[in-house]
Structures are given as C-alpha cells and as structure tokens.
Amino acid sequence: MQYVSTRGKAPVLGFEEVMLSGLARDGGLYVPKRWPPLAPAAIAGLAGLPYGEAAYHVIAPFVGKEIPAKELRALIGDTYRCFGHTAVAPLVQIAPSLWVLELFHGPTLAFKDFALQLLGRLMERALEQRNARVTIVGATSGDTGSAAIEAFRGRERADIFILHPKGRTSEVQRRQMTTAVEDNVHNIAIEGTFDDCQAIVKALFNDHGLRDRLALSGVNSINWARICGQIVYYMTAAVALGAPGRPVSFAVPTGNFGDILAGYAARAMGLDIADLVIATNVNDILYRLLTTGRCEPRSVMPSSSPSMDIQVSSNFERLLFDLADRDAARVRALLEGSNAKGGYALSPVEFATLCAIFKAGRADEAETRETIARVHAETGYVLDPHTAVGVAAAAAVERDPAIPMVVLATAHPAKFPDVVEQATGCRPELPERLRWQATAKERYAVLPNDTGEVVRFIEARARASSHSAGTRP
C-alpha cells in the first residue's frame with residue numbers, strides 16, 4: 001500500500017513511514033493511493049469474530065506487507081484486550097431504529113483509545129526495529145491528549161508533548177492528562193483555543209529543520225494510522241445490524257473530522273452506508289458548509305462538548321482531496337485561498353458530491369441538555385454531551401426509518417459530570433480505576449499562544465536528536 005499527500009508535493013510513502021511522519025512534508029495529509037476494496041463476502045465474514053480479529057481483517061490491507069501477518073494480528077489482538085467490555089464496541093438500542101455505539105470502554109473512556117492504543121504498539125515496534133527515538137507532539141480539544149498519553153507513557157523511545165487550550169477542557173479530561181507522572185510525558189496548557197494549539201503543532205511540523213532535528217511525529221488524526229484504526233467499528237457495527245445485506249446509517253459527533261472520515265473510508269472500501277450525518281455543536285462550520293457550500297471559519301465558542309469546539313477541521317482536507325477528484329493543485333489553491341481570504345467555496349460539482357454522501361445537523365447548548373434529559377427520562381440511558389449532539393442531529397435529518405441509525409458514543413458521561421447532572425439530576429461516577437485522578441497532583445506548564453515559546457519548551461526536554469532519529473521521511 002502506498003500513500004500520497006493531499007497537496008501533491010511530498011514523497012510517496014509506505015504505511016510505517018506515514019505513521020512515523022504524521023503530517024506530510026508539503027503540509028498536506030497522507031491518504032491511501034487507492035481505497036482497498038473489501039468484498040461483500042469479506043464484510044459478511046466479520047460477523048461473530050472477536051473485535052481484534054475483525055480489526056485485523058480491516059486494517060491489514062492498509063499495512064500491506066510491511067508487517068508480517070502473524071505479528072500484525074498479535075499486535076492488534078493485544079490492543080483490544082485492555083478494553084473494559086467483552087464486545088469492545090457494544091451496540092445499545094435506545095429507540096426504534098436508533099442505536100448507540102459505545103466507544104468509551106478503553107483505558108481513557110473515549111473513542112480515541114481505539115486508534116491510539118494501536119498506534120502506540122505499532123510505533124514502538126517500528127522504532128525498535130530502526131533503533132530510533134521520536135518526539136511526539138499533539139494538540140487536543142479534550143480526549144486525544146489523554147488517550148495519546150495513556151498509549152505512550154513510559155515508552156522508552158518516545159517523548160510526548162500535548163498542547164491543550166487552557167480552561168477549555170472538562171476537569172476530568174484535563175486531569176487524565178496532567179496526572180501522568182512518567183518523565184516522558186509533558187503537558188502544555190496554551191492560552192488560546194484548540195485551533196491555536198493545532199496551528200502551533202502544524203507550524204512545528206512545517207519547520208523541516210526542527211522536524212528532522214527532534215524527529216517529530218504526530219498522534220493527532222492528521223496521522224493516517226489514527227484513521228485506519230477507527231474504520232473497524234463502522235464495519236463491526238454495520239455487520240451486527242445486517243450488513244452487507246442492508247444499508248446502515250451513522251451520526252457522528254464531529255470536531256476535527258477524523259472520526260467521520262473513518263466512516264467515509266469504510267464506505268469507500270465497500271460498506272453500504274446510507275447516510276453519514278455530521279453532528280456539530282454551536283461551532284457549526286461543517287453544518288454551514290453542508291448548507292451553503294462555503295467553508296468560513298468563525299470564532300470558537302466554548303461549549304459543554306469541548307472536543308467539538310473547533311473551526312478548522314484538519315481532516316476535511318482528506319475528503320476535499322477526493323471531492324476534487326484527487327487534484328492536489330485544486331486542494332492547494334482552495335487552502336491557500338482560505339488562508340488569504342478566510343474561507344473558500346466548493347465548486348458546484350464538489351458541493352453536489354459532498355451532499356450526496358453526507359448530511360449534517362447541529363445542536364446548541366439548550367438542545368444538547370434537552371437531549372440528555374429526554375433520553376434519560378425515556379430510557380434510563382445516560383449520554384455524554386458529545387453523544388447527545390449526535391442523537392439530536394440524527395433526529396433532525398430526514399432519513400429512512402427502516403434503515404438502522406447508529407450514533408457514535410464518543411465519550412463516557414462521567415467525563416462530563418456537571419453537564420450530565422444539570423440535565424438529569426444524576427451525577428455519573430468515574431469507573432473506580434480512574435477515581436484516583438480526581439485528587440492526584442497535576443503537572444503541566446502554561447505557555448502563551450506563541451510557537452517560539454513552545455519550541456523552546458520542547459527543545460529543552462526532548463531526548464531525540466538527528467543522529468538517533470533513524471531514517472525518516
């Protein structure tokens with residue numbers, strides 16, 4: 001399997017090099033040169049398999065021959081043994097033709113664990129084989145940071161630096177990151193928004209001298225291996241509901257566009273998905289894009305679903321590449337125009353293609369709380385605010401009621417206890433294995449929204465250097 005950059009000016013790479021590099025050297029994102037097809041019989045064959053085995057069959061085509069099949073199967077199997085539910089990603093029905101896909105049974109109670117627990121193991125293997133070390137830099141709006149830290153804490157060949165927007169995550173989300181005691185873990189609270197954090201991370205990767213000197217690697221969903229690991233639960237959920245014999249729809253709480261892009265990838269591989277519903281909160285740039293055909297960022301508004309408080313959805317560039325019929329020059333022109341003008345417009349053909357695949361719904365703060373309250377009153381089921389946005393969006397779009405709708409439950413409600421308690425009158429408790437974090441000592445630095453300050457902080461603490469980085473793209 002070969003991977004190309006969405007901007008067309010970076011080397012074509014294999015899976016492991018793409019995983020280690022994260023962002024392409026031309027500033028673009030890597031995507032498969034072609035989407036590997038999964039035949040209907042192969043999709044049907046996932047039924048009844050343990051999650052790890054199903055994951056192997058979905059992920060293997062993206063890895064190709066770079067990792068021996070037996071070793072890849074063992075790495076994937078080991079990944080999902082640390083999850084707290086025997087089904088790993090169980091489906092729960094909450095209404096006629098409406099299911100919730102629980103993606104919060106991993107170590108940090110968020111869907112990010114599905115990809116990052118795997119990424120940690122894959123990256124460790126690659127670094128050991130190369131006798132190399134990396135400096136991992138990532139930005140988080142809430143859940144990516146804790147999942148990345150959990151995946152890489154204590155690993156000898158990686159130092160991890162996670163930027164989060166100061167005061168814009170829930171307390172539980174922050175403490176999951178800042179209570180890590182391992183010397184290779186560094187948390188940075190940026191005085192700004194998630195988009196500011198993400199911009200700093202991209203600036204670091206676009207400084208090729210710094211990138212090579214510190215052997216920078218990324219764990220945000222700009223890293224293709226993250227997306228690859230998330231395709232699996234679309235396949236397993238759909239098969240559990242009758243695929244490939246009937247279509248299934250999905251509603252996805254959406255911020256950086258990575259999770260729903262995994263759904264698009266599943267569709268491109270051959271899964272019959274009727275509707276992919278982009279669910280947004282008040283930071284509704286993607287909803288507006290589906291309504292108007294224009295991408296126009298606005299100021300980020302803090303919300304009760306902070307992982308979605310984003311105006312620059314990085315992974316949309318991967319979809320844009322396909323909307324533009326894989327014309328990298330067109331992608332560059334749109335994004336360069338966006339930087340100059342503060343936005344861009346899709347062509348009529350691109351917009352029509354987008355609307356043929358995706359629908360969109362939004363929920364403001366009042367609608368989010370009302371959805372949590374209503375579902376709890378009607379069923380006893382407790383939604384976190386992000387999942388509530390997904391349920392609200394699924395209810396808002398026009399759809400065929402005969403087709404199952406699956407809402408991705410991206411986080412455990414106990415990560416947002418104040419919001420849930422306000423809506424239901426009941427305060428969800430953290431699982432016992434995480435309760436110690438509520439009183440543990442925190443360790444993090446507060447830095448201004450300044451790339452130079454972040455660079456100096458990382459350079460003073462990273463152990464990687466150019467002579468230990470191995471062969472890097």
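How many aromatic pairs does the count come to?

1. The model is a predicted one, and the count of aromatic pairs in it comes to 17. In one of them the ring centres of tyrosine 51 and phenylalanine 114 lie 5.7 Å apart with their planes at 65°, and because planes over 60 degrees apart count as edge-to-face, this pair is edge-to-face. Tyrosine 51 belongs to helix H3 and phenylalanine 114 to helix H5 (residues 112-130), so the pair ties together parts that are 63 residues apart in sequence. Both tyrosine 51 and phenylalanine 114 are buried.

2. One aromatic cluster is formed by Tyr3, Phe15, Trp35, Phe62, Trp224, Phe257, Tyr264, Phe316 and Phe358. Of these, Phe62 in H3 and Trp224 in H10 are also listed where those two helices meet.

3. Helix H3 (residues 51-63) and helix H10 (residues 224-240) have axes that come within 9 Å and cross at roughly 130°, and the two helices are therefore oblique to each other. Their crossing is right-handed. On the H3 side the contact includes Tyr51, Ala54 and Val58, while on the H10 side it includes Cys228, Ile231 and Met235. By class, this contact has 12 nonpolar, two polar and no charged residues.

4. Leaving aside residues up to four places away in sequence, glutamine 176 touches Thr108, Ser146, Lys415, Leu434 and Gln437.

How values were computed: Residues are numbered from 1 along each chain as its sequence is written. This is a predicted model: local features need pLDDT of at least 70, side-chain atom pairs count only at pLDDT 80 or more; totals for chains, interfaces and linings use all residues. Side-chain values use heavy atoms; hydrogens and water are left out. Contact means heavy atoms within 4.5 Å. Axes are lines fitted to C-alpha atoms, for helices over the stretch in contact, and angles run from 0 to 180 degrees between N-to-C directions. Helices (H or I, at least four residues) and strands (E, at least two) are DSSP runs, numbered from the N terminus. Angles under 35 degrees count as roughly parallel, over 145 as roughly antiparallel, 65 to 115 as roughly perpendicular and the rest as oblique. A crossing is left-handed if the near helix is turned anticlockwise from the far one by less than a right angle, and right-handed if clockwise. Ala, Val, Leu, Ile, Met, Phe, Trp, Tyr, Cys and Pro count as nonpolar, Asp, Glu, Lys and Arg as charged, and the others, Gly among them, as polar. Rings of Phe, Tyr and Trp (its six-membered ring) pair if their centres lie within 6.5 Å; planes under 30 degrees apart count as stacked, over 60 as edge-to-face and the rest as tilted. Buried means under 20% relative accessible area, exposed over 50%, partly exposed in between (1.4 Å probe, protein chains only).
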